[in-house]
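Student: Hi! I have just opened this one and would like to talk it through with you. Can you put it up on the screen?
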Amino acid sequence: MNKALSRRKKATSTTSRDSKPPDNQDLEDISRQVDPASATITVTAVEVPELTEQEIRDRLHLERQVEKAFYLAGKALMELRDRKLYRNTHKTFEEYCRERFGFERRYPYRLMESTVVVDNLMKMCPNRTQNDLVMDTSAPDFSEGQVLPINEYQLRPLIGLEPEVQRQAWQQAVEAAGGKVPSGRVVKDVVQRIMERTQVPNTYQIGEVCQIIVKDNPELRGKGGCWAIVSAVNDFSCTVKIWDGEYAVGLQHLKSYDYLPAECEQIKQISDRISRVYSDSLEETVKSLLQLLGKLNRPCLTAVEEKLLSVVELEYENEIKF
């Protein structure tokens with residue numbers, strides 16, 4: 001037993017003799033490992049090269065492309081609609097936009113309405129013309145002058161307002177945004193304040209039948225006197241349904257027929273019948289007939305008008321999509 005204990009002590013003693021005590025250098029190295037905060041980290045600086053003149057021009061050019069994308073889309077949609085360039089593949093403009101571009105029913109009209117607003121806003125600054133948005137340019141001073149919107153959402157609160165009010169509201173929104181492009185929320189707040197000062201309440205109700213007053217609004221061209229059935233009531237405009245689609249119309253472009261609820265329902269039924277039959281592929285005489293029926297100044301059809309509409313429905317019943 002004593003011999004085993006002696007061997008254990010000897011082994012321990014030998015281990016102790018073989019271990020070299022750390023010198024000062026070793027202690028310093030250990031100290032550095034224990035305290036990383038005291039370590040020195042060498043960072044190699046990466047020099048970012050300045051943009052060349054050509055790169056600056058390319059950047060401005062690409063930025064303008066982004067800014068004007070929605071404007072060019074609205075212009076293209078207007079031409080597609082006005083020239084009926086979809087007529088060989090689709091019956092209606094809405095169907096074409098939905099299947100070709102994946103647009104919901106209202107979105108292409110918002111783009112086109114926004115384009116009209118942009119055209120109006122550009123009148124405030126002669127240095128920024130319509131060609132600046134339509135044509136490609138890389139001139140260094142292109143960004144100077146009028147601050148214009150870069151998406152249709154920023155213009156939604158302005159749709160339906162008088163041109164002068166649109167320009168006034170946009171200018172105030174730009175000032176509120178510190179001279180930069182304002183958000184849709186900023187524009188909406190500015191419009192709200194302006195309209196509160198004018199005290200023009202929206203008293204229309206959903207389902208009410210109104211008459212459209214064109215009054216220098218190019219988007220309503222050809223719609224004067226049409227039935228406009230209110231489908232949504234906004235702060236300073238109404239979304240109305242007529243025989244060829246839905247439109248956002250300012251209060252100044254609407255006049256109520258003051259029909260009774262039962263009469264409004266009659267007109268809604270007639271308007272729905274016309275909408276189901278109407279398409280740009282119809283003969284011109286048939287389209288003219290349907291358009292005339294959609295702008296009668298009374299809430300019912302005569303016996304002859306009812307027969308004419310029924311004949312058209314019967315003739316095209318296979319093409320009607322219920």
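Student: What do the buried residues of helix 5 pack against?

Tutor: They pack against helix 4, helix 6 and strand 4 (245-250). Contact means heavy atoms within 4.5 Å. Helices (H or I, at least four residues) and strands (E, at least two) are DSSP runs, numbered from the N terminus. Keep in mind that this is a predicted model, where local features need pLDDT of at least 70, side-chain atom pairs count only at pLDDT 80 or more, and totals for chains, interfaces and linings use all residues. Residues are numbered from 1 along each chain as its sequence is written, and side-chain values use heavy atoms, with hydrogens and water left out.

Student: Thanks! Which residues of helix 5 are buried?

Tutor: Phe-93, Glu-94, Glu-95, Tyr-96 and Cys-97. Buried means under 20% relative accessible area, exposed over 50%, and partly exposed in between (1.4 Å probe, protein chains only).

Student: And what comes just after helix 5?

Tutor: Gly-102 is there, with a positive phi of about 75°.

Student: Which residues other than glycine have a positive phi?

Tutor: Lys-84 is one of them, with phi near 55°, and Asp-258 also has phi near 55°. Most residues other than glycine have a negative phi.

Student: Where is Lys-84?

Tutor: Lys-84 sits in the loop between helix 4 (69-82) and helix 5 (93-101). Its relative accessibility is 27%, so Lys-84 counts as partly exposed.

Student: And Asp-258, is that buried or exposed?

Tutor: Asp-258 is exposed, because its relative accessibility is 66%. Its place is the loop between strand 5 (254-256) and helix 10 (261-277).

Student: Switching to rings: how many aromatic pairs does the structure hold?

Tutor: Eight. One of them is Tyr-96 with Phe-101: the ring centres are 5.7 Å apart and the planes are at 85°, so this pair is edge-to-face. Rings of Phe, Tyr and Trp (its six-membered ring) pair if their centres lie within 6.5 Å; planes under 30 degrees apart count as stacked, over 60 as edge-to-face and the rest as tilted.

Student: Are those two residues buried or exposed?

Tutor: Tyr-96 counts as buried, because its relative accessibility is 11%. Phe-101 is partly exposed, with a relative accessible area of 34%. For a stacked pair, look at Tyr-257 and Tyr-259, which are 5.0 Å centre to centre with 5° between the planes. Tyr-257 is buried at 17% relative accessibility, and Tyr-259 is buried at 16%.

Student: Which residues form the aromatic cluster?

Tutor: Tyr-86, Phe-93, Tyr-96, Phe-101, Phe-103, Tyr-107, Tyr-109 and Tyr-247 form one cluster.

Student: On to the strands. How do strand 1 and strand 2 pair?

Tutor: Strand 1 (residues 209-212) and strand 2 (residues 227-233) are antiparallel, with three bridges. Two strands pair if DSSP finds at least two bridges between them. Val-209 stands opposite Ile-229 of strand 2.

Student: What is on the strand 3 side?

Tutor: Strand 3 (residues 237-242) runs antiparallel to strand 2, joined by four bridges. Here Ile-229 is opposite Lys-241. Strand 2 and strand 3 form a hairpin, with three residues between them.

Student: How far is Val-209 from Glu-265?

Tutor: Their C-alpha atoms are separated by 9.0 Å, while the two residues are 56 residues apart along the chain. Glu-265 belongs to helix 10 and is partly exposed, with a relative accessible area of 39%.

Student: Last topic: what lines the second largest pocket?

Tutor: There are 19 lining residues, and Arg-156, Pro-157, Lys-188, Asn-234 and Ser-237 lie nearest the centre. Helix 9 gives the most to the lining, with five residues. On a 1 Å grid over the protein atoms alone, a pocket is an open set of points where a 1.4 Å probe fits, with protein on both sides within 12 Å along at least five of seven lines; lining residues have an atom within 4 Å of a point.

Student: And the chain as a whole, how many helices and strands?

Tutor: The protein chain has 12 helices and five strands. Buried residues make up 37% of its 322 residues.
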